[in-house]
Amino acid sequence: MAEKKPILLMHNISKRFGGTAALEGVSIELYPGEAHILAGENGAGKSTLIKILCGVYSEYAGRIVLESRPVKFSSPQDAARHGIAAIHQELSLIPAMSVSDNIFLGREKMKKNGTVDFSAQTIASQKILKRLGIDGVDVHRPVEEYPISIMQMIEIAKALSMNSRIIIMDEPTSALTEPEVNKLFETISALKLQGHAIIYITHKMEEIYKIGDRITVLRDGRFVAAAPIADMARNALIRNMVGRELNEQIQRRSKVCAEELFRVENLDIADPQGNRNLVNDVSFSARKGEILGIAGLQGSGASELLNGIFGAYGPVSKGSVFLNGNPFVVRSPGRSIEQGLALLTNDRKTTGLVLGMSIVENITLASLPQYSPVCWMRNSMEQKAALRYKQELNIKADELSREVSSLSGGNQQKVALAKWVGTKPLVLLLDEPTRGIDVASKHEIYELMNRWTAAGCAIILITSEMPELIALSDRIIVMHRGRISARLEGDRITQENILHAAMGQEREVA
Amino acid sequence: MIPLVSNTSQKTFISRLMQYPVTRAILALIVIFVIGLVFNGGGAFFKWPAHRDMLRQYSVFGILACGMTIVIITAGIDLSVGSMLGLSAVVFSLLTIHRDWNPWHAIPACIAMGAILGVVSGGLISRFRIQPFIATLAMMVFARGLAKFISGGMKISTSIQQADGSYIYKNDPAIFKMIDSRILDGNLAVVTLIFIFCLFISWLILSRLRIGRYLYAIGGNEEAARLSGVPVIKAKIFAYGMCGLFSAIAGICQAAQEYQGDPEAGVSYELTAIAIAVIGGTNLMGGRGSILLTLFGTLTIGYLDKILSINAVSEAGRLMLTGVIIVSAVLLQRRRK
């Protein structure tokens, strides 16, 4: 393959979002007929790089050379015209439209009289699907009648119909079953033979070595290594991916009691539609004063686990939960709050805060009965409590009656935390508590976590910032594809061990 | 005089003031009012009866708008308020005129019926996840049908046709006269008092009760509210129940003002109620709005109609102008960043 000319060269690409650098001098070479793995932890810069290639971000430094010609894409449509197609986790098909209409959406084949030439589209779609080796798909049926694996194939067919030379696949197997994955890999092999180049993003170790030809590793927005897959053994790959500096400034003052506070046994969590399990057979426990970290890459089911326990998806299908030795009823968020559980969701804007309401109203939203005995709001009581939490969490706002949307990210997050502390929880589930906030606020939140655990709370923490997870957690469980793949304690909490388990290598399961 | 504040800070003061929806709602009302002072219909606008009559005529719309505001704050809509008004007018007339019910039984019965139908809408919307537009559209058609079924398609009035074709005539029930009367030397209609009472109840719910906070939270971000333990289903059922209840009250007022129960009463009133809420500044996307805004919205729409009628604008012109004014008011209301 070395004698071939690269089809795509991204050279010295940098991208900044405000003050933070998402990418710094990243380069990648892509050859025709290869599956190129793009590897890196959450936040390594993979998706930013892909978005630049797809024309989503048109502002960046560096250059892109496509088939020996320098290019700069102004929009996703522009990139598509140049033969670059991306297949994302969220498919971009229109469910109620037919297969062939989806394939030609926006590029309909027209007759001379200005109407759509459906028969030409039908024939062309059938031809493409045949080329992909897919039978049994009626191109007249709506896309929604087919399983997700076929929908992915239809996306690929759409890419081929645009004559895409480069196909980007972002975690394409996350929703597929084993046979479907094999089918996808067969298709990828066929595409490679036809000379297409594929950029493949995955967090699954076995897939990397099964499908990849070459690999590029990113870390913290920087290029780390690129090599033919055979030259990078698993341990070397892990070494390349980890190695983020541990943050010495995060202080964890651990005061874990022996007393168990929270226990989960053999829990299954089905997705809200009930089609498949997001979480399978998970058991763990947390003690008083403990921070239990949950590590997992995208699609690991960690976030779904917390949501499921909290009752966000309704009653659980299988398994049991105990709080303080008593059975804990998983039914609804309201019921969970009453029993002493709190969940800080991972996206404060869509699931955490009511942005149009005031700071006070957000702080007290989850504990309103405290401030309204017999349904009647006691505004002064509410104000006083909000002021107390404002001071306790150091929320910087001149007036508590301001809309919460007027605050900075860090302060918004503190409001969300204040809401949950206000419910006086025994166990706090924190899903990405420091996502997208400034460093000073992060450290304040670490300090609050120390304070709350010292007061006897247990915290179950998800964070994709590995240094943060390692510094704060007393114990760590690692999840992969909805299951626990490792339990780490003490010296065994290392970035390597976590990443091995998170990528599906069950080598050190306790 | 020396200006105490410089021109720029004055500007920011005004623009700061304009951030509040109430300021904008008042401004819209003032604009309409000034238009009234200019086009005063030969001085008619300067006389109290014009204002008094406007208040009386628009009280029924205002009562409907109270319920509508509560529902819109949850990011919903209730298209059934006009039909519910008609149904309530028919049932109230039937009970008091034909069946000689004591009004203090008939009124609670009508109100309960409205509340129950509202609860049904709310249940369909929250429990069975039917879109508010569809669920209340169905309720609108159903309630109109029920009104026609109960009344046999006829207006329920004091002249009652017997089986042999002859008529018997009954007296107007005292309660009709009572509701249709005026107090304070004929300066304040009882229906206006009822409207003020409904405003007060809505204000209590939205600003003083826990459930009000829940309604705003649901409209602002339903998922965040649900995950904060807000009883979303109960709160929505409550909102539509209250809307049905207010519609029933409006129906009772309408029947009393017309001295009959017309199964066709209230057709398209839902649109006026929505227009009032929106002109006031309550956001159809939910989460924002207040009952005070709805009061200003009622006055704005009421004055608009009054001004057009005292200037003898033809109905065609009135409708077109109303359309233009609604759009202008909403543009004026738009939240500025």
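**Group meeting: core, chain contact and a helix pair**

Leaving out neighbours within four places in sequence, B:Ile63 is in contact with B:Ile194, B:Phe195, B:Cys198, B:Phe246, B:Ile249, B:Ala250 and B:Cys253. This is a predicted model, so please keep that in mind.

B:Ile63 also turns up in the core. The largest nonpolar core has 252 residues. Those with the most contacts inside that core are A:Val427, A:Leu429 and A:Val478 from chain A, and B:Ile63, B:Leu64 and B:Ile249 from chain B.

Next, the contact of the two chains. Chain A puts in 23 residues and chain B puts in 19 residues. On the chain A side, helix H10 (333–339) and helix H11 (348–352) each supply at least two residues. By class, the side of chain A that touches chain B has 14 nonpolar, 7 polar and 2 charged residues.

Last, a helix pair within chain A. The axes of helix H5, residues 148–161, and helix H6, residues 178–193, come within 10 Å and cross at roughly 15°. Angles under 35 degrees count as roughly parallel, so H5(A) is roughly parallel to H6(A). The crossing of H5(A) past H6(A) is right-handed. From H5(A), the contact is made by A:Ser149, A:Gln152, A:Met153 and A:Ile156; from H6(A), by A:Glu180, A:Lys183, A:Leu184 and A:Thr187. Those residues divide into 3 nonpolar, 3 polar and 2 charged.

Methods. Residues numbered from 1 in each chain as written. Chains lettered and ligands numbered in written order. Predicted model: local features only at pLDDT ≥ 70, side-chain atom pairs only at ≥ 80, totals over all residues. Contact = placed C-beta atoms within 7 Å. Helix = DSSP H or I, 4+ residues; strand = E, 2+ residues; numbered from the N terminus. Nonpolar A, V, L, I, M, F, W, Y, C, P; charged D, E, K, R; others polar. Core = buried A, V, L, I, M, F, W, Y, C linked by C-beta atoms within 7 Å. Buried ≥ 20, exposed ≤ 12 C-beta atoms within 10 Å, placed from the backbone. Axes fitted to C-alpha atoms, helices over the stretch in contact; angles between N-to-C directions. Parallel < 35°, antiparallel > 145°, perpendicular 65-115°, else oblique. Left-handed = near helix turned anticlockwise from the far one by under 90°.
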